Amino acid sequence: MADAPYHLSLPEERLTSVIFASPHSGRDYPAEFLARSVLDRRTIRSSEDAFIDTLLKPATELGAPLLVANAPRAYIDLNRAAEELDPAVIEGVRPNGHNPRVSSGLGVIPRVVAGGRAIYRGKISLAEADARIEGVWKPYHACLCNLVSESVAMFGEAILIDVHSMPHESLEAIAPMDGRRPEIVLGDRFGASAGSAIVDRIEAAFAAAGLLVARNAPFAGAYVTQTYGRPSQRRHAVQIEIDRSLYMNEALIRPNGQFPAFRRLMAQVIAEIVEIGRGELRLAAE
């Protein structure tokens, strides 16, 4: 099992209701997990949101907490419900209705990585799956839930920014916009997980940085946005997907030559997003 399920970076003082989280950038691959996999060390990382945690580091300096998973997505997917168990990879699990994520091998214990490549030769035990959920999934979500509750208590509102990366090839099915395909996809579950004014401002921040933004296609948000986004309770959750080719060599899983410039650009965008939550601080002080 991974040593620590997550890393939480807290600012010296919380100055915004915004919370940043990266559930898929973890790269602490347990030795016993790697030994059981049929994949080499590079291929098993293909589902990882590599370097997203690095891109989000300015958040803490700007007064926002940053929660980053240490355990990798191939080991356990923190953007799935704990009940999304795949009978094709976990012994003793019975099919429970049709779940397209589970059927495709992308349950809470993934069966495949990107491209549908199988992780294991056979199945893992239910006890092992339960241990991952108890040791990684539950602590991560307990921390995230606490951060959201703290923001509501401090600022009257919580704005959770759940940040991911997407393979460049996943955008090929999208019709170009003005001759270009989107570089950023915002997911608010078609308005169900966040207030439109908040999503508008997030889109404006990326657009001001020169990036083309789409909403909810092909990614509208999964477990995190569905669970934590309750706009009627002033709890907002927005998923951000970033085209990996903007900052990394996807085949080698290494930063590319654009990484330093893109990191500076992201710092500007993060600062704009943080400002969305500072308005609540001013309202609370009045």
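The model is predicted, and local features need pLDDT of at least 70, side-chain atom pairs count only at pLDDT 80 or more, while totals for chains, interfaces and linings use all residues. Residues are numbered from 1 along each chain as its sequence is written, and side-chain values use heavy atoms, with hydrogens and water left out.

Buried means under 20% relative accessible area, with exposed over 50% and partly exposed in between (1.4 Å probe, protein chains only). Strands (E, at least two residues) and helices (H or I, at least four) are DSSP runs, numbered from the N terminus. In a regular strand the side chains alternate between the two faces of the sheet. In β6, Ala158, Leu160, Asp162, His164 and Met166 point one way, Ile159, Ile161, Val163 and Ser165 point the other way, and all are buried.

Two strands count as paired if DSSP finds at least two bridges between them. Strand β2 (residues 18-22) runs parallel to β6 and is joined to it by 4 bridges; here alanine 21 stands opposite aspartate 162. Strand β9 (residues 235-243) also pairs with β6 in the parallel sense, over 9 bridges. Isoleucine 159 has histidine 236 of β9 as its bridge partner, and histidine 164 has glutamate 241 of β9. Of the 9 residues of β9, 8 are buried. Strand β7 (residues 184-187) is joined to β9 by 4 bridges and runs antiparallel to it, with glycine 187 opposite glutamine 239.

On a 1 Å grid over the protein atoms alone, a cavity is a set of points where a 1.4 Å probe fits but cannot get out; a pocket is an open set with protein on both sides within 12 Å along at least five of seven lines, and lining residues have an atom within 4 Å of a point. Grid points are joined across faces, edges and corners, and a volume is the space filled by probe spheres set on the points. The count comes to 1 cavity of 30 Å³ or more, and the largest cavity holds about 40 Å³. Its lining includes Ile161 and Val163, together with Phe20, Ile240 and Met266. β6 and α8 (259-285) each supply at least two lining residues, and the largest share, 4 residues, comes from α8. The lining has 10 nonpolar, no polar and no charged residues, where Ala, Val, Leu, Ile, Met, Phe, Trp, Tyr, Cys and Pro count as nonpolar, Asp, Glu, Lys and Arg as charged, and the others, Gly among them, as polar.

The largest pocket has a volume of about 770 Å³. It is lined by 35 residues, of which Ser46, Arg73, Ala114, Pro167 and Arg244 lie nearest its centre. β6 and β9 are the elements that give two or more residues to this lining, and the largest share, 3 residues, comes from β6. By class the pocket lining has 12 nonpolar, 11 polar and 12 charged residues.

Helix α5 (residues 126-155) has 30 residues and at 1.5 Å a residue should span 44 Å, which agrees with the 41 Å between its end C-alpha atoms. The expected span is 1.5 Å times one less than the number of residues. α5 bends by about 35° at isoleucine 133, the bend being the angle between axes fitted to the seven residues ending there and the seven starting there. Glycine 156 follows α5 and has a positive phi, near 80°.
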